[in-house]
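Q: Could you show me how to read the domains and overall build of a chain?

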Amino acid sequence: MTIADDIVAPETPEAGAIAVETPLRRFLSEFFENRLATLALVTLAIIVVLAVIAPWIVPQNPYDLAQVDVLDSRLPPGEKNAVTGYTYWLGTDGAGRDLLSAMLYGVRISLAVGVLSGLIAMAIGASVGLLAAYAGGRVEGFIMRVVDLQLSFPAILLALMLIAILGKGIDKIIIALVTVQWAYYARTVRANALVESRKEYVEAARCLGLSHARIMARHIMPNCLPPLIVVATVQTAHAIALEATLSFLGVGLPQTEPSLGLLISNGFEYMLSGKYWISFFPGIVLLVTIMTINLVGDQLRDTLNPRLKR
Amino acid sequence: MPFVRTTLVAIAIAAFGLFSPALAQDLRIGLSAEPTAMDPHYHNLTPNNSLLSHVFERLIENDEKQNLIPGLAESWKAINDTTWEFKLRKGVKWHDGSPFTADDVVFTFARAGNVPNSPSPFIVAKGKTVTKIDDHTVHMSTAAVYPLMPNDVATIMIVSKKNADGASTPDFNSGKAAIGTGAFKLVKFTPGDRIEVTRNDDYWGAKPKWKTVTFRPIKAGPARVAALLAGDVDMIEDTPTADIERLKTEPKVELSQEVSNRIIYFFVDHSRDVTPFAKGKDGAEIKNPLKDLRVRKAMSKALNRDVMVSRVMEGVAIPASQFLPDHYFGVSKKLKVEKYDLEGAKKLLSEAGFPNGFKLTLHGPNGRYINDVKIAEATAQMLTRAGIETAIEMLPPGNFFTRASQGGPGGVPEFSFILVGWGSGTGENSGALRPLVATFDKDKGQGASNRGRYSNPKVDQLIDEAMKTVDDGKRAELLGQATDVAIEDLAIIPSHYQVNTWAARKGLKYKARSDENTLAMGVTE
């Protein structure tokens with residue numbers, strides 16, 4: 001084991017050494033060199049924190065129908081709730097939901113769906129891709145043809161078809177997003193694993209008679225991680241956008257528990273009549289969320305890619 | 001908001017530059033749905049019936065309030081219990097110049113119910129024996145007494161035997177067989193784009209003002225409004241409620257409104273002992289609470305119809321107390337709109353054995369009725385306040401109606417609680433009572449849309465009796481009584497009557513209609 005580990009991570013410094021430049025520190029300092037990416041990361045962190053603590057900070061639970069009153073519908077930003085006196089800082093939507101509360105809950109759903117489906121798709125895609133690269137031959141041929149087939153479908157079309165078959169609900173959306181996205185991970189991991197599996201340390205591990213599972217998981221996989229992390233950030237942003245699109249089309253989550261896409265869609269019809277806030281604010285939040293994730297992903301790619309190393 | 005305004009103004013200016021205003025004799029109308037064919041017997045659907053009324057005519061027509069008025073028949077009367085006599089109008093010419101005679105009527109009634117591949121055929125043409133007496137007299141007879149003969153006849157458009165004999169639906173769509181007697185002639189039907197008609201200068205009745213009329217289907221509500229504001233069309237139907245308030249202040253636009261014959265209502269599962277979408281608060285199976293009149297009454301009391309109308313429908317609807325608005329034939333004179341009473345609703349629920357309420361799912365179509373999703377959402381809020389924790393699931397209309405009619409095991413209606421609408425095509429109350437609350441009976445042709453499987457011998461008996469009564473006053477009274485019994489038992493829970501809004505450019509007036517038809521004949525300057 002010690003031999004293998006040394007081969008996998010040859011630059012790991014000895015424990016206790018005065019490591020001025022650990023890989024993590026180097027990574028962090030390189031990442032924060034880019035001001036824009038730093039700003040994006042901070043913004044994203046704020047959004048995530050707000051989304052996580054939303055139930056404790058919002059004045060209204062927008063999913064509790066007993067708290068939402070259609071009498072308060074379409075109030076412009078700054079109006080007050082007649083009963084509780086709470087100010088609707090960003091106005092209300094067509095059903096009388098406080099838009100600020102609804103947006104924070106919406107971000108919560110969007111992020112949860114994006115991250116969860118991203119993680120599951122990554123787990124499935126990475127394992128399958130690794131297996132394809134390591135096994136080769138027919139197994140590889142079969143897996144990669146399935147991936148090709150999958151990637152030849154437009155993502156939104158495939159997701160719509162799946163939702164039509166599976167029905168509505170958050171679990172179904174996640175299943176659809178995983179189905180749409182695993183292939184990207186599989187392809188990325190396979191390409192990297194193919195390169196890695198021809199390197200000497202893998203041959204050494206083979207010579208030592210280590211099991212296939214061990215070589216795949218402990219030796220090849222860790223070296224495929226950097227590109228995988230980059231793909232994962234980009235795909236999470238895609239998943240959030242895709243979920244918003246599905247909800248906008250009215251096939252995503254239930255009407256009474258709107259995510260960002262559904263909030264935008266609900267306000268869409270009021271755009272012409274001057275009630276801009278119903279679509280506008282959720283739209284901005286969706287835009288900022290996806291953009292910050294993408295900016296962070298870009299910087300991750302620049303930092304983790306050895307070819308761009310100075 | 002200023003940004004939106006500026007954008008709109010920019011769009012309007014751009015559009016005015018591109019499309020020069022049409023000539024005074026041309027009219028362009030934006031439709032909310034496209035007709036599926038130019039064959040008047042192919043598909044019994046409002047967009048088709050509305051458009052084809054320009055080209056074809058019926059023996060009896062409906063005026064804008066759905067009263068029967070003479071069309072191609074000058075007069076009609078029952079000559080005995082089972083036979084009606086129609087005196088046809090003389091001197092009427094088809095668009096190809098040939099004369100209109102009794103042969104055309106006989107031919108039409110043989111064709112109307114038998115068009116191949118019809119998605120929704122005119123079954124009312126069936127079961128009637130049509131006999132030519134002379135060139136301008138026909139007799140129509142039925143096996144049993146049938147007082148609704150004139151109402152049925154008023155739904156069938158007469159086609160020319162010479163042109164339509166052997167013609168298929170595509171022949172009508174190409175214009176070859178679409179030869180009518182109407183005020184307009186069909187010029188061209190371009191599916192997905194437009195339908196053009198031109199004035200029939202030999203028309204027997206009042207000649208319309210417009211030389212040419214172009215109908216353009218623009219499905220999305222905001223796009224339709226934008227097209228009107230841009231001057232791209234002169235008039236639009238089905239104006240979205242979200243835009244009405246703003247359009248009222250728009251100096252370039254004039255609105256016209258009419259209560260429609262369409263009621264928006266809720267059906268509950270009246271028949272099953274355990275209904276799939278009603279559960280205890282803990283999610284456990286419970287016996288169907290909706291069979292209890294007290295529960296239905298509580299739901300009706302919990303529904304705040306004034307808020308529904310003022311907030312959800314933005315004032316463009318009327319709270320409903322029964323199947324049809326008050327001025328229709330055969331409605332109840334005594335039913336009042338149920339008052340909103342949250343405490344009363346909670347009390348009734350406790351009495352019925354649900355002091356903590358229960359869980360219920362409301363199903364409905366997504367985009368079939370004006371604001372249907374919002375109505376469902378508001379309903380869920382109102383019922384939840386009363387203790388009935390209501391979830392909503394809105395489905396694509398095609399999917400919804402199939403499942404709501406026959407999606408359950410053994411072909412029964414699948415859902416427990418649904419949001420639906422009904423427009424009485426005959427323009428009188430039996431057109432709602434027979435399909436909705438008469439006991440479901442395929443052979444008798446009753447209860448076809450009774451998706452709650454409501455069954456009450458008293459209601460059935462009153463409807464049956466009414467259908468055997470030729471005397472109008474007597475029949476209206478019987479239908480009114482049947483309505484009283486059905487609504488007091490909350491066979492359906494009425495919400496509101498739809499109000500349809502047409503918007504036209506300044507200077508145009510539209511005689512708004514209760515049957516939702518958009519007719520160029522009704523547009524004046």
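A: Start with the domains, whose bounds come from an automatic or database domain assignment. In chain B, the assignment gives domain 1 (1-32 + 183-252 + 506-525), domain 2 (40-169) and domain 3 (259-499). This is a predicted model, in which local features need pLDDT of at least 70 and side-chain atom pairs pLDDT 80 or more, while totals for chains, interfaces and linings use all residues. Residues are numbered from 1 along each chain as its sequence is written, and chains are lettered from A and ligands numbered from 1 in the order in which they are written.

Q: How far apart do the C-alpha centres of domain 1 and domain 2 of chain B lie?

A: They lie 30 Å apart. Two residues are in contact if their C-beta atoms, placed from the backbone, lie within 7 Å. On that basis, 22 residues from domain 1 of chain B and 17 residues from domain 2 of chain B take part in the contact.

Q: Which elements give two or more residues to the side of domain 1 of chain B that touches domain 2 of chain B?

A: Helices (H or I, at least four residues) and strands (E, at least two) are DSSP runs, numbered from the N terminus. Here the elements are β10 (184-190) and β11 (194-199) of chain B. The largest share, 3 residues, comes from β10(B).

Q: How many helices and strands does chain B have?

A: Chain B has 16 helices and 22 strands. Its C-alpha atoms fill a box of roughly 75 × 65 × 40 Å, taken along the principal axes. Among contacts in chain B between residues at least 6 apart in sequence, 69% join residues at least 24 apart.
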